[in-house]
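Dear colleague,

I am passing on the model we spoke about, and I would be glad if you looked it over before reading my notes.

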Amino acid sequence: MIFGLFRKKNSNRLIVDRQYAVLTSAARVPFFYAAMDVPDTVMGRFEMLCAVMILFFRRTAGSDTSGRQLAQEIVDAFFQDIDHSIRELGVGDQGVPKRMKKLAGMFYGRLETYGAAIDAGNAAALAGALKRNIYPQQDAAPGMLPLAEWMMGAEQALKQVPDEAIARGDVALPAPGK
């Protein structure tokens with residue numbers, strides 16, 4: 001009974017789990033990999049998950065306090081998931097913190113860069129940033145304009161989602177290619 005005093009209380013756990021599952025499913029839609037030239041690799045999936053999380057995070061930044069709290073809990077779940085995945089890939093306990101720090105820096109750098117392009121309404125700049133991040137060492141990489149345009153459209157669609165839907169964990173991103 002006394003140990004309950006020290007346990008982190010998380011009344012949003014079911015909502016966070018449900019919303020995180022919806023977001024990760026959105027990032028795994030095969031259309032991104034088959035028709036939008038996102039490589040179906042560990043890093044390609046990381047990039048798509050970052051893009052989806054960034055869109056969700058940006059939408060919830062303007063919502064009420066519970067929406068921002070939920071967004072933070074979902075970002076925390078995202079990083080716990082990444083930590084778990086790194087360990088499954090065989091990275092030892094001593095290497096995990098270094099890689100997590102690098103991946104967190106990558107995520108927050110993308111949040112800033114993608115956000116600036118979206119705020120400016122500049123799909124070409126967003127496509128350029130996506131191309132640099134998704135294909136960092138390839139000069140002849142495919143263009144990312146379709147993905148950038150999907151992100152711009154998804155941003156607009158998310159603006160229409162009421163705060164009550166965010167608080168319930170009922171936020172879905174539009175499917176690509178429609």
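Below is what was found, beginning with the conventions and the confidence.

This is a predicted model, in which local features need pLDDT of at least 70 and side-chain atom pairs count only at pLDDT 80 or more, while totals for chains, interfaces and linings use all residues. Residues are numbered from 1 along each chain as its sequence is written, and side-chain values use heavy atoms, with hydrogens and water left out.

The mean pLDDT (the predictor's confidence in each residue, from 0 to 100) is 86 for the protein, and 89% of the residues score at least 70. Over residues 1-7 pLDDT remains under 50, and the model gives this segment one contact beyond four places in sequence, where contact means heavy atoms within 4.5 Å.

The protein has eight helices and zero strands, these being DSSP runs numbered from the N terminus (helices H or I, at least four residues; strands E, at least two). Confidence is lowest in helix α4 (residues 65-88), with a mean of 81, and highest in helix α7 (residues 145-159), with 96. Of the contacts with a separation of 6 or more, 64% join residues 24 or more positions apart.

Q19 counts as buried because its relative accessibility is 0%, the cut-off for buried being under 20% relative accessible area (1.4 Å probe, protein chains only). Leaving aside residues up to four places away in sequence, Q19 touches F56, I74, G169, D170 and V171, and a polar atom of the Q19 side chain lies 2.7 Å from the backbone oxygen of V171.

Best regards

Conventions: Buried means under 20% relative accessible area, exposed over 50%, partly exposed in between (1.4 Å probe, protein chains only). A polar contact is a pair of N or O atoms within 3.5 Å; within protein, one must be able to donate a hydrogen and the other to accept it, and residues adjacent in sequence count only if both atoms are side-chain atoms.
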